[in-house]
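Trainee: Please help me learn to read this structure, one feature at a time.

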Amino acid sequence: MCIIRSCAVTTVTAVSFIDKLSSAWDVNNSQLCVGLDPDVAKFPLHLQNQPDAIFSFCKAIIDATADTACAFKPQIAYFAALRAEDQLEAICAYIHEKYPAIPIILDAKRGDIGATAEQYAREAFERYNADAVTVNPYMGFDSVAPYLEWKDRGVIVLCRTSNPGGSDLQFLTVDAEGGNKPLYQHVAKLVADKWNTNGQCGLVVGATFPHELAQVRSIIGEMPLLIPGIGAQGGDVEATVHAGKTAQGTGMMISSSRAILYAKVNDAAGEDFASAARRVALETRDTINQFR
Ligand SMILES: O=c1ccn([C@@H]2O[C@H](COP(=O)(O)O)[C@@H](O)[C@H]2O)c(=O)[nH]1
């Protein structure tokens, strides 16, 4: 399969994020998103002192799990904190070259005024050539609009996050059109009804809140959901799938990072870290599929 990319300055035919994701759902029979959160302290000792340790670790994980996943989700903080953005660029290029059918979701949770957001969008979509990026809706439509200009790319908006503190704001009742509702439901409706004019949006909803996940699914129809919170955060896979799936049993990118990346640490069996990651990724994909 040949994916031809485009950017804002060139006009080349491109496969959209949504088309690429739909294809990956089918080809790999997977609703699992493999998160790339490389923590050098948790790497095998033989990798830790290498200058390109992050790239080598992620490459091994990618090679071991590419046929189990519908997406890869690098978390930019793990790269930026170590001045390893060059290795993130190399990883994104590697995925595009070796596994062009698997979309890359850059987890950056950006949110800023329009002029700055334009630069963040270039960072995500030009520098890293991500297929999609996560964004924070707190600053409103003009802060998200620059990402939406990249019509072949996905824009995945935080809605009901997986962390307990997400309730501090996202559960507050707001008096919005159609009556009182929690803020996260207002975000879901706003994105589905008004921001998603080009069909490129998704939402982040945590697996740790299955009731809210079901509420969001009922509001948004078929829009894809990025669902972190299984694995290390303890979200229940069965409840997540029942709440998050579409009528066709799809529509999800159920994300797991640490439970896959560091499966070797959690399991003393005599396998290498990439084989352990593959084993857990396969188990997770199959468990998800059991409940679709
Ligand atoms: O609500 C959210 C949004 C994003 N995340 C990110 O997902 C992964 C989760 O990692 P695990 O190791 O599977 O817990 C991480 O990159 C978070 O920044 C989230 O957890 N919740």
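**Reading the features**

Trainee: What does lysine 109 count as, buried, partly exposed or exposed?

Mentor: Lysine 109 counts as partly exposed because 17 C-beta neighbours lie inside 10 Å. A residue is buried if 20 or more other C-beta atoms lie within 10 Å of its own, exposed if 12 or fewer, and partly exposed in between, with C-beta atoms placed from the backbone. Residues are numbered from 1 along each chain as its sequence is written. Please remember that this is a predicted model: local features need pLDDT of at least 70 and side-chain atom pairs count only at pLDDT 80 or more, while totals for chains, interfaces and linings use all residues.

Trainee: Where is lysine 109, and what is its phi near?

Mentor: Most residues other than glycine have a negative phi. Lysine 109 sits in strand 3, and its phi is near 50 degrees, a positive value in a residue other than glycine. Helices (H or I, at least four residues) and strands (E, at least two) are DSSP runs, numbered from the N terminus. Asparagine 129 also has a positive phi, near 55 degrees. Asparagine 129 is found in the loop between helix 6 and strand 4, and it is partly exposed, since 17 other C-beta atoms lie within 10 Å.

Trainee: Which residues does tyrosine 128 touch?

Mentor: Tyrosine 128 lies in the loop between helix 6 (114–127) and strand 4. Leaving out residues up to four places away in sequence, tyrosine 128 touches Leu88, Glu89, Cys92, Leu106 and Glu123. Contact is when the C-beta atoms of two residues, placed from the backbone, lie within 7 Å. Tyrosine 128 counts as buried because it has 23 C-beta neighbours inside 10 Å. Aspartate 86 is 42 residues from tyrosine 128 in sequence, and their C-alpha atoms are 9.5 Å apart in space.

Trainee: In what order do the strands of the open sheet lie?

Mentor: Strands of a sheet pair through backbone hydrogen bonds, either parallel or antiparallel. Here, an open sheet of 8 strands has the order 2-1-10-9-8-5-4-3, with parallel pairing. Pairing needs at least two bridges found by DSSP between the two strands. Strand 2 (71–74) and strand 3 (105–110) are the edge strands, each pairing on one side only. From one strand to the next, the twist averages 30 degrees.

Trainee: Which bridges join strand 3 to strand 4, and strand 1 to strand 10?

Mentor: Strand 3 pairs with strand 4 in the parallel sense over 3 bridges, and leucine 106 has valine 133 in strand 4 as its bridge partner. Strand 3 is mostly covered, with 5 of its 6 residues buried. Strand 1 (residues 32–36) and strand 10 (residues 252–256) run parallel and are joined by 3 bridges; cysteine 33 has serine 255 in strand 10 as its bridge partner.

Trainee: How do strand 6 and strand 7 run?

Mentor: Strand 6 (residues 173–176) and strand 7 (residues 179–182) run antiparallel and are joined by 4 bridges. Threonine 173 has proline 182 in strand 7 as its bridge partner. The two strands form a hairpin with 2 residues between them, and glycine 178 in the turn has a positive phi of about 90 degrees.

Trainee: At what angle do helix 3 and helix 5 cross?

Mentor: Two packed helices are described by the angle between their axes and the distance between the axes. The axes of helix 3 and helix 5 (residues 85–98) come within 9 Å and cross at roughly 25 degrees. That makes helix 3 roughly parallel to helix 5. Axes are lines fitted to C-alpha atoms, for helices over the stretch in contact, and angles run from 0 to 180 degrees between N-to-C directions. Angles under 35 degrees count as roughly parallel, over 145 as roughly antiparallel, 65 to 115 as roughly perpendicular and the rest as oblique. The residues of helix 3 that meet helix 5 include Ile54, Phe55 and Cys58. Among the buried residues of helix 3 are Phe57 and Ile61.

Trainee: Which residues of helix 9 meet helix 10?

Mentor: Tyr184, Gln185, Ala188, Lys189 and Ala192 in helix 9 meet Glu212, Gln215, Val216, Ile219 and Ile220 in helix 10. The axes of helix 9 (residues 183–195) and helix 10 (residues 210–220) come within 9 Å, crossing at roughly 25 degrees. Helix 9 is therefore roughly parallel to helix 10. The buried residues of helix 9 include His186 and Val191, and their cover includes strand 5, strand 7 and helix 10.
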